[in-house]
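Me: I have a structure open and want to talk it through. Can we start with the overall picture and then go into details?

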Amino acid sequence: MARKRFCLLACLVFGVSLFLGGCGSSAGSSDSSKSGGAGTTTSSKPSSTDLGGEGVPASGSPGKNQAGSVQTGNDGAKLSPEQSSEEVPASGNRNNKPVVLVPEASGETVYGNEQASIDASHLEDGYVMVQYLGQVQKVKLQIKTPEDVTYTYTMREGYDVFPLTGGDGDYEISVWEQRPGKGDYVNVLHETVSVVIKDEFSPYLYPNQYVNFAPEDKTVALGSELVKGAVDDLDAVTRVFTYITENITYDTEKAQNVQSGYLPVVDEILDSGTGICFDYAAVMATMLRTQRIPTRMEIGYAGDVYHAWISTHIDGVGWVNGIIQFDGSQWQLMDPTFAANSSSDSLRDFISEGDNYQVKYIY
C-alpha cells in the first residue's frame, strides 16, 4: 500500500551547528494597555518595553497576499478550506490541481488609529492582517495566543498576514514603535480579539509571513508537477520531500551571515538551489499547502540548535511531527534540511528521539 511505499531518506549527523541562524528568535510578551470595543480604536497611555533585537524573522514580500479570493488552479473557482480536500479520482491518481487560498483584508472588522490597523475580518479562517501606518522605521507586532505564547514579528510596508496557530480563544494583538535614540518600544495599538476557527486546518493551508506564496509562484506550479500521478497524499509528500532534499543544498555561508528579520522567498530559493533550514521548510510547506495537505512550519530546538522543520497532517494518521520515513510500521521525524545533507544512521537515531526536537513556535 501507499504507506509501505513511503520511504524517504535515512540520515546521519551533519554538523548541527551549521543550522544556527535564519530560523528566527523569540521575544517575551509585552506589557501593553488594551483598547476596548469594536471598530476603530486608540491606545490609552502607551506603555514602553524593550523588545530586543529584531525578534522572529519577518515578512518577505510586503503586501504580496493583500487581496483577492480563495482560488484553485487557473480557472479562478473559489473554494473554502472545508472544500479544498478532494476525493481521489476514479483513475486512482490523486488530483494534483493546486489550490491557493488567498488572504484578504476585506475591511469588515477593523481596529486601528493613525499609527496602525488590524483587519480582523477573517479570524475564523485562522489569520489576521495588520499594517503599520506611521513613520517610525523599526516597528514590531506581537500576538499573544490563548496559551500565553507570544509571537514577535517585524512589521513591513502594507498589510501582512499573521497566522493564529493557538486555536480558539482570546488573542492579544499589539503594535510597537521603537523610540528614536532610545532602543525600547512604545505601544501604539493594542486589541484583544476572540477567535473561533471554523476549520482547524485553515492556518496550515493559507500563506502567511513565514510560508509566503501566491497563485502565480513557480514553486506552486512545480509542486503540482512533482505530485502528478501520485496515488495519495503520502505519495505526494514523498515526491515533494525527495525533490527538495535532492535539489537544494545547504548554504553554510548564508547560515553564518543571515540577518535578523530574514524570511524566505520561495521562488528565489528554487532559482538558487541553496538554502538554510528556514528555506527548506518554507519551500516544502508551500508545495504541500497548495496541494491541500495541511503543513505546519515549526521552529524551535533540534538538540541545542535553533532550527526550522515541518509537520504534515495525513488523513487516517493525523499530525506526523517531522517525518523522515515510514517503513510500513513506524514513523520517523521529517526534517528536510537534515535529510538533504546526511547519509548515515547516526542522525536518524538523533531525530527519532522526540525529546531532541522542542517546538517553540508554529506557523
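Predicted model: local features only at pLDDT ≥ 70, side-chain atom pairs only at ≥ 80, totals over all residues.

Me: Fine. What share of the contacts with a separation of 6 or more comes from residues 24 or more positions apart?
Reply: 70% in the protein chain.

Me: How many helices and strands are there in the protein chain?
Reply: The chain has 8 helices and 17 strands.

Me: And what percentage of the residues is buried?
Reply: 56% of the 363 residues in the protein chain are buried.

Me: Helix packing next. At what angle do α3 and α6 pack?
Reply: About 150°, with the axes 10 Å apart. Angles over 145 degrees count as roughly antiparallel, so α3 and α6 are roughly antiparallel to each other. The crossing of these two helices is right-handed.

Me: Which residues make that contact?
Reply: From α3, Val-237, Val-240, Phe-241 and Ile-244. From α6, Tyr-280, Val-283, Met-284, Met-287 and Leu-288.

Me: How does the contact of α3 with α6 split by class?
Reply: It has 9 nonpolar residues, no polar ones and no charged ones.

Me: Now α2 and α6. How do their axes cross?
Reply: At roughly 65°, and the axes come within 8 Å. The α2 helix covers residues 218-226. Its crossing with α6 is right-handed.

Me: Which residues are in contact there?
Reply: On α2, they are Thr-219, Val-220, Leu-222, Gly-223 and Leu-226. On α6, they are Val-283, Thr-286 and Met-287. By class, the contact of α2 with α6 has 5 nonpolar residues, 3 polar ones and no charged ones.

Me: What sits in the loop between β13 and α6?
Reply: Ile-276 is found there. At 0% relative accessibility, Ile-276 counts as buried.

Me: Is Asp-148 buried or exposed?
Reply: Asp-148 is exposed, at 56% relative accessible area.

Me: What does its side chain pair with?
Reply: Asp-148 meets Lys-144 in a salt bridge, 3.9 Å from N to O. Lys-144 is partly exposed, with a relative accessible area of 24%.

Me: Why would such side chains pair at all?
Reply: Side chains of opposite charge can pair when their charged atoms come close.

Me: How many salt bridges does the structure hold?
Reply: The structure holds 8.

Me: What is the N to O distance for Asp-233 and Arg-94?
Reply: The closest N and O atoms of that salt bridge are 2.6 Å apart. The pair links distant parts of the chain, 139 residues apart. Asp-233 is in helix α3 (residues 233-247), and Arg-94 is in the loop between β2 and β3.

Me: Are those two buried or exposed?
Reply: Buried means under 20% relative accessible area. Asp-233 is at 18%, so Asp-233 counts as buried. Arg-94 is at 7%, so Arg-94 counts as buried too.

Me: What about Asp-184 — which residue is its partner?
Reply: Arg-179, with the closest N and O atoms 2.9 Å apart. Asp-184 is buried at 14% relative accessible area, while Arg-179 counts as partly exposed at 35%.

Me: Last one. Where does Gln-115 lie?
Reply: In the loop between β4 (110-112) and β5 (116-119). At 28% relative accessibility, Gln-115 counts as partly exposed.

Me: What is Gln-115 in contact with, leaving aside neighbours within four places in sequence?
Reply: Tyr-132, Leu-133, Gly-134, Glu-177 and Val-188. The C-alpha atoms of Gln-115 and Trp-176 are separated by 9.6 Å, and these residues are 61 apart along the chain.

Key: Residues numbered from 1 in each chain as written. Heavy atoms only, no water. Salt bridge = Lys/Arg side-chain N within 4 Å of Asp/Glu carboxyl O. Helix = DSSP H or I, 4+ residues; strand = E, 2+ residues; numbered from the N terminus. Buried < 20%, exposed > 50% of the residue type's maximum accessible area, 1.4 Å probe, protein only. Axes fitted to C-alpha atoms, helices over the stretch in contact; angles between N-to-C directions. Parallel < 35°, antiparallel > 145°, perpendicular 65-115°, else oblique. Left-handed = near helix turned anticlockwise from the far one by under 90°. Contact = heavy atoms within 4.5 Å. Nonpolar A, V, L, I, M, F, W, Y, C, P; charged D, E, K, R; others polar.
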